[in-house]
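Please examine the sequence and the structure shown here before reading on. The briefing is arranged by topic and is meant to be read alongside the model.

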Amino acid sequence: MLKRGAASGVDAIMSDDFNVNEYWLKRGREGAIEEPRYAEYHRLQEHFLFDILRKGQISLRNIIELGCGSGRLTKPLAEHYPTARILALDLSPDQLEKARCYCAGSGNILFERYDFYSGAPLPGSGYDAAVAVEVFLHHPRTLVRSLIEKVSAISLYLVNIDWSETWPWKTPDHVWVHDYQAVYAEAGLRSAAFVLPQKIEGMQQKLFIASKKMTHEMVHLLELAEQAASVQDAAQNATAVSGAARWSEQLQRATAEILELVPAGDAFILVNDDQWGNEAEFTGRRVIPFLEHEGRYWGPPENDRVAIRELERLRQAGASHIVFAWPSFWWLDYYTGLKNHLQSSFRCLQSNEQLVAFSLKMPA
(Lines give C-alpha, C1' and ligand atoms only; values in the text may rest on other atoms or scores of the structure.)
Protein backbone atom coordinates (compact mmCIF):
# COMPACT_ATOMS: atom_id res chain seq x y z
CA MET A 1 0.00 0.00 0.00
CA LEU A 2 1.36 3.42 -0.99
CA LYS A 3 1.65 5.92 1.86
CA ARG A 4 1.39 9.65 2.55
CA GLY A 5 4.52 11.59 1.68
CA ALA A 6 5.57 9.44 -1.28
CA ALA A 7 7.69 11.03 -3.96
CA SER A 8 5.41 12.06 -6.80
CA GLY A 9 2.74 11.18 -9.37
CA VAL A 10 0.64 8.15 -8.53
CA ASP A 11 2.79 7.60 -5.41
CA ALA A 12 1.00 10.57 -3.86
CA ILE A 13 -2.48 9.18 -4.47
CA MET A 14 -2.57 7.20 -1.22
CA SER A 15 -2.57 8.38 2.37
CA ASP A 16 -2.18 5.28 4.54
CA ASP A 17 -5.32 3.35 3.48
CA PHE A 18 -6.95 6.41 1.88
CA ASN A 19 -7.14 6.70 -1.91
CA VAL A 20 -7.83 10.27 -3.05
CA ASN A 21 -9.17 9.42 -6.51
CA GLU A 22 -11.32 6.55 -5.27
CA TYR A 23 -12.93 8.89 -2.73
CA TRP A 24 -13.79 11.61 -5.27
CA LEU A 25 -14.97 9.22 -7.95
CA LYS A 26 -17.31 7.59 -5.44
CA ARG A 27 -18.52 10.95 -4.18
CA GLY A 28 -19.19 11.96 -7.78
CA ARG A 29 -21.23 8.80 -8.41
CA GLU A 30 -23.18 9.29 -5.20
CA GLY A 31 -23.92 12.91 -6.04
CA ALA A 32 -21.82 14.96 -3.61
CA ILE A 33 -24.11 17.74 -2.42
CA GLU A 34 -23.48 21.47 -2.38
CA GLU A 35 -24.07 21.98 1.33
CA PRO A 36 -26.68 24.77 1.76
CA ARG A 37 -24.89 26.21 4.79
CA TYR A 38 -22.06 27.23 2.45
CA ALA A 39 -24.15 28.88 -0.29
CA GLU A 40 -23.83 32.43 1.04
CA TYR A 41 -20.11 31.99 1.70
CA HIS A 42 -19.56 30.69 -1.83
CA ARG A 43 -21.20 33.85 -3.21
CA LEU A 44 -18.81 35.89 -1.06
CA GLN A 45 -15.88 33.88 -2.47
CA GLU A 46 -16.96 34.59 -6.03
CA HIS A 47 -17.50 38.31 -5.42
CA PHE A 48 -14.12 38.62 -3.70
CA LEU A 49 -12.32 36.70 -6.46
CA PHE A 50 -13.74 38.78 -9.30
CA ASP A 51 -13.22 42.03 -7.39
CA ILE A 52 -9.50 41.29 -6.82
CA LEU A 53 -9.00 40.20 -10.43
CA ARG A 54 -10.59 43.47 -11.56
CA LYS A 55 -8.51 45.57 -9.16
CA GLY A 56 -5.43 43.65 -10.20
CA GLN A 57 -6.13 44.66 -13.81
CA ILE A 58 -5.74 41.05 -14.98
CA SER A 59 -7.21 40.45 -18.42
CA LEU A 60 -8.67 36.95 -18.86
CA ARG A 61 -9.21 35.69 -22.39
CA ASN A 62 -8.10 32.07 -21.99
CA ILE A 63 -8.83 30.27 -18.70
CA ILE A 64 -8.25 26.75 -17.42
CA GLU A 65 -10.21 25.69 -14.33
CA LEU A 66 -8.80 22.86 -12.22
CA GLY A 67 -11.30 20.64 -10.39
CA CYS A 68 -14.50 22.25 -11.65
CA GLY A 69 -16.77 19.76 -9.85
CA SER A 70 -20.42 20.40 -10.67
CA GLY A 71 -19.62 23.80 -12.20
CA ARG A 72 -20.26 26.04 -9.20
CA LEU A 73 -17.52 28.48 -10.20
CA THR A 74 -17.42 27.63 -13.91
CA LYS A 75 -20.77 29.26 -14.61
CA PRO A 76 -19.96 32.64 -12.96
CA LEU A 77 -16.54 32.58 -14.67
CA ALA A 78 -18.29 32.28 -18.02
CA GLU A 79 -20.74 35.04 -17.08
CA HIS A 80 -18.03 37.45 -15.92
CA TYR A 81 -15.78 36.74 -18.91
CA PRO A 82 -18.24 36.02 -21.75
CA THR A 83 -15.60 36.41 -24.47
CA ALA A 84 -13.04 34.17 -22.74
CA ARG A 85 -12.38 30.56 -23.68
CA ILE A 86 -12.73 28.33 -20.61
CA LEU A 87 -11.46 24.77 -20.29
CA ALA A 88 -12.89 23.13 -17.16
CA LEU A 89 -11.25 19.95 -15.87
CA ASP A 90 -12.38 17.35 -13.35
CA LEU A 91 -11.63 13.72 -12.47
CA SER A 92 -15.24 12.60 -12.08
CA PRO A 93 -17.32 11.88 -15.24
CA ASP A 94 -20.45 12.22 -13.10
CA GLN A 95 -19.47 15.68 -11.85
CA LEU A 96 -18.56 16.76 -15.37
CA GLU A 97 -22.01 15.74 -16.61
CA LYS A 98 -23.64 17.78 -13.83
CA ALA A 99 -21.42 20.74 -14.73
CA ARG A 100 -22.44 20.52 -18.39
CA CYS A 101 -26.10 20.60 -17.39
CA TYR A 102 -25.60 23.44 -14.89
CA CYS A 103 -23.64 25.53 -17.41
CA ALA A 104 -25.89 24.77 -20.38
CA GLY A 105 -26.25 27.88 -22.51
CA SER A 106 -22.70 29.09 -21.85
CA GLY A 107 -21.07 28.58 -25.23
CA ASN A 108 -17.55 29.50 -24.13
CA ILE A 109 -16.90 26.45 -21.90
CA LEU A 110 -15.29 23.13 -22.84
CA PHE A 111 -15.35 20.33 -20.25
CA GLU A 112 -12.71 17.63 -20.17
CA ARG A 113 -11.78 14.78 -17.84
CA TYR A 114 -8.29 14.98 -16.31
CA ASP A 115 -6.56 13.00 -13.56
CA PHE A 116 -4.02 15.03 -11.54
CA TYR A 117 -2.16 11.80 -10.71
CA SER A 118 -1.91 10.48 -14.26
CA GLY A 119 1.37 12.15 -15.16
CA ALA A 120 -0.22 13.29 -18.42
CA PRO A 121 0.45 16.88 -19.55
CA LEU A 122 -2.29 19.40 -18.91
CA PRO A 123 -4.29 20.06 -22.08
CA GLY A 124 -3.60 23.24 -24.01
CA SER A 125 -1.30 26.18 -23.38
CA GLY A 126 -1.17 29.97 -23.49
CA TYR A 127 -3.65 30.45 -20.65
CA ASP A 128 -3.98 33.82 -18.96
CA ALA A 129 -4.94 32.14 -15.70
CA ALA A 130 -5.49 28.75 -14.10
CA VAL A 131 -8.20 28.87 -11.42
CA ALA A 132 -8.63 26.40 -8.55
CA VAL A 133 -11.13 27.10 -5.76
CA GLU A 134 -11.06 24.68 -2.80
CA VAL A 135 -9.21 22.11 -4.92
CA PHE A 136 -5.62 21.89 -3.70
CA LEU A 137 -6.70 21.15 -0.12
CA HIS A 138 -7.92 17.74 -1.31
CA HIS A 139 -4.43 16.63 -2.35
CA PRO A 140 -1.11 16.07 -0.55
CA ARG A 141 1.64 18.66 -0.78
CA THR A 142 3.82 16.66 -3.18
CA LEU A 143 1.02 16.50 -5.74
CA VAL A 144 0.12 20.17 -5.28
CA ARG A 145 3.74 21.21 -5.80
CA SER A 146 4.15 19.18 -9.01
CA LEU A 147 0.76 20.38 -10.31
CA ILE A 148 1.71 24.02 -9.70
CA GLU A 149 4.89 23.52 -11.70
CA LYS A 150 2.93 21.98 -14.60
CA VAL A 151 0.35 24.77 -14.53
CA SER A 152 2.94 27.57 -14.39
CA ALA A 153 4.46 26.22 -17.62
CA ILE A 154 1.22 26.82 -19.56
CA SER A 155 -0.45 29.73 -17.70
CA LEU A 156 0.71 33.26 -16.87
CA TYR A 157 -1.15 33.35 -13.54
CA LEU A 158 -2.29 30.69 -11.09
CA VAL A 159 -5.26 31.68 -8.93
CA ASN A 160 -6.50 29.65 -5.97
CA ILE A 161 -8.73 30.10 -2.94
CA ASP A 162 -8.11 27.80 -0.02
CA TRP A 163 -7.27 27.46 3.65
CA SER A 164 -3.70 28.23 4.58
CA GLU A 165 -3.84 28.05 8.37
CA THR A 166 -4.00 25.04 10.66
CA TRP A 167 -7.58 24.09 11.47
CA PRO A 168 -8.56 24.11 15.16
CA TRP A 169 -9.80 20.52 14.82
CA LYS A 170 -8.88 17.31 13.04
CA THR A 171 -8.89 17.47 9.25
CA PRO A 172 -10.68 14.64 7.38
CA ASP A 173 -8.68 12.09 5.39
CA HIS A 174 -9.35 13.99 2.15
CA VAL A 175 -8.07 17.35 3.46
CA TRP A 176 -4.54 18.75 3.62
CA VAL A 177 -3.88 22.35 4.75
CA HIS A 178 -0.88 23.81 2.90
CA ASP A 179 1.32 26.89 3.19
CA TYR A 180 0.69 28.01 -0.38
CA GLN A 181 3.08 30.95 -0.37
CA ALA A 182 5.88 28.53 0.59
CA VAL A 183 4.83 26.05 -2.11
CA TYR A 184 4.70 28.81 -4.73
CA ALA A 185 8.13 30.09 -3.66
CA GLU A 186 9.60 26.59 -3.99
CA ALA A 187 8.17 26.41 -7.52
CA GLY A 188 9.86 29.71 -8.41
CA LEU A 189 6.68 31.81 -8.38
CA ARG A 190 5.91 35.15 -6.73
CA SER A 191 2.53 35.20 -5.00
CA ALA A 192 0.14 37.76 -3.56
CA ALA A 193 -2.20 36.64 -0.76
CA PHE A 194 -5.54 38.25 0.06
CA VAL A 195 -7.48 37.35 3.21
CA LEU A 196 -11.18 36.78 2.58
CA PRO A 197 -13.21 39.26 4.64
CA GLN A 198 -15.26 36.60 6.40
CA LYS A 199 -14.37 33.33 8.09
CA ILE A 200 -16.38 30.16 7.72
CA GLU A 201 -16.96 28.14 10.90
CA GLY A 202 -13.96 29.85 12.48
CA MET A 203 -11.62 28.99 9.57
CA GLN A 204 -9.86 31.58 7.43
CA GLN A 205 -9.49 31.31 3.67
CA LYS A 206 -7.11 33.24 1.43
CA LEU A 207 -7.01 34.07 -2.25
CA PHE A 208 -3.58 33.50 -3.82
CA ILE A 209 -2.46 34.83 -7.19
CA ALA A 210 0.95 33.61 -8.37
CA SER A 211 3.12 34.13 -11.43
CA LYS A 212 6.63 33.41 -12.68
CA LYS A 213 6.82 36.80 -14.41
CA MET A 214 6.91 40.05 -12.44
CA THR A 215 4.44 41.82 -14.69
CA HIS A 216 3.03 45.30 -14.04
CA GLU A 217 -0.18 43.60 -12.92
CA MET A 218 1.72 41.36 -10.50
CA VAL A 219 3.48 44.34 -8.93
CA HIS A 220 0.09 46.02 -8.52
CA LEU A 221 -1.36 42.87 -6.91
CA LEU A 222 1.52 42.66 -4.43
CA GLU A 223 0.95 46.28 -3.44
CA LEU A 224 -2.80 45.66 -3.03
CA ALA A 225 -2.13 42.58 -0.88
CA GLU A 226 0.31 44.46 1.36
CA GLN A 227 -2.17 47.29 1.90
CA ALA A 228 -5.01 44.89 2.69
CA ALA A 229 -2.89 42.82 5.08
CA SER A 230 -1.94 45.82 7.23
CA VAL A 231 -5.64 46.64 7.73
CA GLN A 232 -6.78 43.07 8.42
CA ASP A 233 -4.02 41.78 10.71
CA ALA A 234 -5.00 43.74 13.79
CA ALA A 235 -8.69 42.81 13.60
CA GLN A 236 -8.02 39.11 13.00
CA ASN A 237 -5.45 38.78 15.77
CA ALA A 238 -7.98 40.18 18.22
CA THR A 239 -10.63 37.57 17.39
CA ALA A 240 -8.53 34.45 16.74
CA VAL A 241 -7.85 33.55 20.38
CA SER A 242 -11.42 34.08 21.55
CA GLY A 243 -12.80 31.94 18.69
CA ALA A 244 -10.46 29.04 19.45
CA ALA A 245 -11.29 29.26 23.16
CA ARG A 246 -15.05 29.15 22.48
CA TRP A 247 -14.61 26.10 20.24
CA SER A 248 -12.55 24.26 22.87
CA GLU A 249 -15.04 25.03 25.63
CA GLN A 250 -18.01 23.91 23.53
CA LEU A 251 -16.21 20.70 22.54
CA GLN A 252 -15.48 19.86 26.19
CA ARG A 253 -19.12 20.40 27.17
CA ALA A 254 -20.38 18.30 24.26
CA THR A 255 -17.98 15.45 25.03
CA ALA A 256 -19.06 15.37 28.67
CA GLU A 257 -22.75 15.32 27.67
CA ILE A 258 -22.22 12.39 25.27
CA LEU A 259 -20.39 10.39 27.95
CA GLU A 260 -23.39 11.00 30.18
CA LEU A 261 -25.96 10.04 27.51
CA VAL A 262 -24.34 6.97 25.92
CA PRO A 263 -23.70 4.04 28.28
CA ALA A 264 -20.25 2.43 28.36
CA GLY A 265 -20.07 -0.51 25.97
CA ASP A 266 -22.48 1.04 23.43
CA ALA A 267 -21.79 2.13 19.87
CA PHE A 268 -23.19 5.49 18.77
CA ILE A 269 -23.39 7.47 15.51
CA LEU A 270 -21.68 10.86 15.68
CA VAL A 271 -22.70 13.43 13.08
CA ASN A 272 -20.06 16.17 13.26
CA ASP A 273 -18.74 16.46 9.67
CA ASP A 274 -15.58 14.82 11.02
CA GLN A 275 -14.48 18.04 12.73
CA TRP A 276 -13.70 16.90 16.26
CA GLY A 277 -10.88 14.36 16.16
CA ASN A 278 -11.35 13.42 19.83
CA GLU A 279 -12.77 9.90 19.44
CA ALA A 280 -10.26 8.54 21.97
CA GLU A 281 -12.02 10.50 24.72
CA PHE A 282 -15.16 8.36 24.45
CA THR A 283 -13.65 5.59 26.55
CA GLY A 284 -15.52 2.29 26.35
CA ARG A 285 -17.82 3.50 23.58
CA ARG A 286 -17.49 2.95 19.82
CA VAL A 287 -17.84 6.09 17.71
CA ILE A 288 -19.35 5.57 14.24
CA PRO A 289 -18.89 8.43 11.73
CA PHE A 290 -21.82 9.31 9.49
CA LEU A 291 -21.82 8.60 6.63
CA GLU A 292 -19.53 5.64 7.25
CA HIS A 293 -17.59 3.57 4.69
CA GLU A 294 -15.31 0.80 5.98
CA GLY A 295 -15.05 2.55 9.32
CA ARG A 296 -14.11 5.95 7.85
CA TYR A 297 -16.03 9.19 7.50
CA TRP A 298 -17.43 9.37 3.97
CA GLY A 299 -19.08 12.80 3.75
CA PRO A 300 -22.76 13.79 3.90
CA PRO A 301 -25.43 11.71 2.13
CA GLU A 302 -26.82 12.61 -1.27
CA ASN A 303 -30.41 12.71 -0.03
CA ASP A 304 -32.83 11.66 2.73
CA ARG A 305 -33.27 8.18 1.30
CA VAL A 306 -29.56 7.44 1.59
CA ALA A 307 -29.38 9.01 5.05
CA ILE A 308 -32.29 6.93 6.42
CA ARG A 309 -31.01 3.74 4.78
CA GLU A 310 -27.56 4.17 6.35
CA LEU A 311 -29.06 5.11 9.72
CA GLU A 312 -31.14 1.94 9.77
CA ARG A 313 -28.19 -0.18 8.64
CA LEU A 314 -26.09 1.07 11.54
CA ARG A 315 -28.99 0.76 13.97
CA GLN A 316 -29.51 -2.87 12.96
CA ALA A 317 -25.76 -3.39 13.45
CA GLY A 318 -26.03 -2.23 17.06
CA ALA A 319 -25.79 1.57 17.21
CA SER A 320 -27.81 2.70 20.24
CA HIS A 321 -27.77 6.48 19.68
CA ILE A 322 -27.29 9.14 17.04
CA VAL A 323 -25.80 12.46 18.12
CA PHE A 324 -25.71 15.63 16.00
CA ALA A 325 -22.97 18.05 17.06
CA TRP A 326 -23.33 21.81 16.56
CA PRO A 327 -21.12 21.98 13.41
CA SER A 328 -23.67 19.65 11.79
CA PHE A 329 -26.96 21.17 12.93
CA TRP A 330 -27.45 22.12 9.27
CA TRP A 331 -28.29 18.44 8.63
CA LEU A 332 -31.54 18.85 10.56
CA ASP A 333 -32.59 21.71 8.27
CA TYR A 334 -31.40 20.17 5.00
CA TYR A 335 -32.36 16.49 5.51
CA THR A 336 -35.97 17.05 6.56
CA GLY A 337 -36.90 13.44 5.76
CA LEU A 338 -34.19 12.14 8.10
CA LYS A 339 -35.29 14.59 10.80
CA ASN A 340 -38.93 13.53 10.48
CA HIS A 341 -37.91 9.85 10.59
CA LEU A 342 -35.96 10.39 13.79
CA GLN A 343 -38.65 12.50 15.46
CA SER A 344 -41.45 10.07 14.58
CA SER A 345 -39.60 6.84 15.38
CA PHE A 346 -37.22 7.60 18.25
CA ARG A 347 -36.94 9.57 21.47
CA CYS A 348 -34.98 12.82 21.55
CA LEU A 349 -32.78 12.73 24.64
CA GLN A 350 -30.97 16.06 24.33
CA SER A 351 -31.38 19.31 22.42
CA ASN A 352 -29.21 22.29 23.30
CA GLU A 353 -26.59 24.55 21.72
CA GLN A 354 -24.01 21.69 21.62
CA LEU A 355 -25.98 18.56 20.75
CA VAL A 356 -29.17 17.03 19.44
CA ALA A 357 -29.26 13.35 20.46
CA PHE A 358 -31.75 10.54 19.82
CA SER A 359 -31.98 7.07 21.31
CA LEU A 360 -32.20 4.49 18.50
CA LYS A 361 -34.00 1.97 20.64
CA MET A 362 -37.51 1.45 19.35
CA PRO A 363 -40.18 2.51 21.85
CA ALA A 364 -42.03 -0.33 23.54
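The points below go from the overall make-up to the sheets, the helices and selected residues.

The model is predicted. The protein contains 10 helices and 16 strands. Of its 364 residues, 54% count as buried. Among the contacts with a separation of 6 or more, 68% are between residues 24 or more positions apart.

**The sheet of 7 strands**

- This open sheet has the strand order β5-β4-β3-β6-β7-β9-β8, with mixed pairing.
- The edges are held by β5 (109-113) and β8 (190-195); each has a single partner strand, so one side of each lacks a neighbour in the sheet.
- On average, neighbouring strands of this sheet are turned by 20° against each other, direction ignored.
- Strands of a sheet pair through backbone hydrogen bonds, in either a parallel or an antiparallel manner.
- Strand β3 (residues 62-65) pairs with strand β6 (residues 127-133) in the parallel sense, over 3 bridges.

**Strand β9 and its partners**

- Strands β7 and β9 run antiparallel and are joined by 7 bridges.
- Y157 stands opposite S211 in β9.
- Strands β8 and β9 also run antiparallel, joined by 6 bridges.
- On this side, A192 stands opposite I209 in β9.
- Of the 7 residues of β9, 7 are buried, so the strand is largely enclosed by the rest of the structure.
- In a regular strand, side chains alternate between the two faces of the sheet.
- In β9, Q205, L207, I209 and S211 point one way, K206, F208 and A210 point the other way, and all of them are buried.

- Helix α2 (residues 39-55) lies across β6, β7 (155-163), β8 and β9 (205-211).
- The angle at which helix α2 runs to β9 is about 30°.
- Helix α4 (residues 93-102) lies across β4 (85-90) and β5, and runs at about 170° to β5.

- Strand β10 (residues 267-271) and strand β14 (residues 319-325) run parallel and are joined by 5 bridges.
- In this pair, F268 stands opposite H321 in β14.

**Residue S152**

- S152 lies in helix α5 (residues 141-152).
- The relative accessible area of S152 is 12%, which is under the 20% limit, so the residue counts as buried.
- The side chain of S152 reaches the backbone oxygen of E149 at 3.0 Å.
- When neighbours within four places in sequence are left aside, S152 is in contact with L189 and K212.

**The second largest pocket and D274**

- The second largest pocket holds about 190 Å³ of space.
- Its lining is made up of 13 residues, of which K170, D274, P289, G295 and Y297 lie nearest the centre.
- The elements that contribute two or more residues to this lining are β11 (286-289) and β13 (296-297).
- D274 lies in the loop between β10 and β11.
- Although D274 is not a glycine, it has a positive phi of about 60°.
- D274 has a relative accessible area of 8% and is buried.

**Other backbone features**

- E134, in the loop between β6 and α5, has a positive phi of about 55° although it is not a glycine.
- The peptide bond from F290 to L291 is cis, with omega near -10°.
- L291 is found in the loop between β11 and β12 (292-293).

Key. Residues are numbered from 1 along each chain as its sequence is written. This is a predicted model: local features need pLDDT of at least 70, side-chain atom pairs count only at pLDDT 80 or more; totals for chains, interfaces and linings use all residues. Side-chain values use heavy atoms; hydrogens and water are left out. Two strands pair if DSSP finds at least two bridges between them. Helices (H or I, at least four residues) and strands (E, at least two) are DSSP runs, numbered from the N terminus. Axes are lines fitted to C-alpha atoms, for helices over the stretch in contact, and angles run from 0 to 180 degrees between N-to-C directions. Contact means heavy atoms within 4.5 Å. Buried means under 20% relative accessible area, exposed over 50%, partly exposed in between (1.4 Å probe, protein chains only). A polar contact is a pair of N or O atoms within 3.5 Å; within protein, one must be able to donate a hydrogen and the other to accept it, and residues adjacent in sequence count only if both atoms are side-chain atoms. On a 1 Å grid over the protein atoms alone, a cavity is a set of points where a 1.4 Å probe fits but cannot get out, and a pocket is an open set with protein on both sides within 12 Å along at least five of seven lines; lining residues have an atom within 4 Å of a point. Grid points are joined across faces, edges and corners, and a volume is the space filled by probe spheres set on the points.
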